[in-house]
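Please open the structure in a viewer and keep the sequence beside it.

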Amino acid sequence: MIIIKTDKEIEKMRRAGQRLARLLDELLPKIVKEGTSAEEIELYVLKYVDEVGGIPTFKGYAEYPYATNISVNEEVVHGFPLKEKIFKYGDLVSVDCGITLDGYVADSARTYIVGEVNEEERKLVEATKESLLIGAKQAIIGNRIGDIGHAVQEYIEGQGFSVIRDFVGHGVGRKLHEDPQVPNYGKMGKGPKIRKNMTLAIEPMVAMGDWQVKILDDGWTTITRDGSKAAHFEYTVAVTENGPEVLTSLEYNSL
């Protein structure tokens, strides 16, 4: 069942989203650098979430043991924030996390570049972020969920990359995962109709090579089967009369 939010509920999600946006847009880029460990990021996020009066949404969700997913290079999503995971020059580091505030969730992800990467890897990161914006712009009243995925897929494949199929975006609100699922691929005009005050976590995950993935023995960490690098961006978006509103970015608001 798709849950339509009230304006007051969206305002609560907006407050959570702005706190998460500050963390991902402003603070973590200064910390994700050569020689930093994924565990340091986890501890920083836990401290920040506590300071803003929130709850780390991921920690304990479906028995996941951490507050963050920190995925490096060929890791697509759900990477563990381990002490031995030390960032090297040229790494792509994706950080995915959520904040629950006053009972409502904001969910977001960014991919950071450590130092410098080659032209194709930079293009991968930039294209993944751009595909998120392109997809989010389809979150308008009267469209269909398939319009979002179609827009993402068409752009990404046009850039020569692959959209991950095994993991998708989702509704978000009181719970981290609500209906509907929001794939990053699909056909225009298909899927549930988009209505005012729906709140969606739109999150393209993109590989340089093939889209197929496998899950490691820890039961969570997901990597590309061909070992190609991946990128991941995510926003929580509210559907409003004036178009999509990004709740989890300081850079963007209305689209």
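Helices and strands are DSSP runs, numbered from the N terminus. The model is a predicted one.

**First stop: the largest pocket**

Select H78, H170, L176, H177 and E203, which lie nearest the centre of the largest pocket. The lining comprises 24 residues, and the space within amounts to about 410 Å³. Next, colour strand 7 (169-171) and strand 8 (178-182), each of which supplies at least two residues of this lining. Strand 8 gives the most, with four residues. By class, the lining of the largest pocket divides into 11 nonpolar, six polar and seven charged residues.

Remain at strand 8 and select P180, which lies in that strand. A cis peptide bond joins D179 and P180, with omega at about 0°.

Return then to H78, in the loop between strand 3 and strand 4. Is H78 buried or exposed? Its relative accessibility is 19%, and residues under 20% count as buried, so H78 is buried. Its phi is near 65°, a positive value in a residue other than glycine.

**Second stop: a positive phi in another loop**

Select A62, in the loop between strand 1 and strand 2. Phi of A62 is near 50°, again a positive value in a residue other than glycine. A62 has a relative accessible area of 54% and is exposed.

The structure holds four aromatic pairs. Display the side chains of Y64 and F80: their ring centres are 5.8 Å apart and their planes stand at 70°, so the pair is edge-to-face. Y64 lies in the loop between strand 1 (55-56) and strand 2 (68-72), and F80 in the loop between strand 3 (75-77) and strand 4 (92-101), so the pair ties together parts that are 16 residues apart in sequence. Both Y64 and F80 are buried.

Move along to V72, in strand 2. V72 counts as buried, at 11% relative accessibility. Leaving aside residues up to four places away in sequence, V72 touches K85, F87, D91, L92 and V93. Of these, D91 is 19 residues from V72 in sequence, while the C-alpha atoms of the two are 6.6 Å apart.

In soluble globular proteins, nonpolar side chains tend to be buried together. Here, select A139, I145, I148, I156, L200, I202 and V237, which touch the most other members of the largest nonpolar core, a set of 27 residues. Helix 3, helix 4 (145-158), strand 9 (199-202) and strand 14 (235-240) each supply at least two residues of this core, and helix 3 gives the most, with six. Which residues does A139 touch? Not counting residues up to four places away in sequence, they are I148, I194, L200, I202, V237, V239 and P244. Apart from this core lies another, of 24 residues, among them L28, V49, V95 and I99.

**Last stop: the second largest pocket**

The tour ends at the second largest pocket, with a volume of about 240 Å³. Select R110, T111, K129, F233 and E251, the closest to its centre of the 14 residues that line this pocket. Helix 1 (7-31), strand 5 (104-113) and helix 3 (119-136) are the elements that give two or more residues to the lining. By class, this lining has seven nonpolar, one polar and six charged residues.

Definitions and conventions
Residues numbered from 1 in each chain as written. Predicted model: local features only at pLDDT ≥ 70, side-chain atom pairs only at ≥ 80, totals over all residues. Heavy atoms only, no water. 1 Å grid on protein atoms, 1.4 Å probe; cavity = no way out; pocket = protein on both sides within 12 Å on 5 of 7 lines; lining within 4 Å. Points joined across faces, edges and corners; volume = space filled by probe spheres on them. Nonpolar A, V, L, I, M, F, W, Y, C, P; charged D, E, K, R; others polar. Core = buried A, V, L, I, M, F, W, Y, C linked by side-chain atoms within 4.5 Å. Buried < 20%, exposed > 50% of the residue type's maximum accessible area, 1.4 Å probe, protein only. Contact = heavy atoms within 4.5 Å. Phe/Tyr/Trp six-rings, centres within 6.5 Å; stacked < 30°, edge-to-face > 60°.
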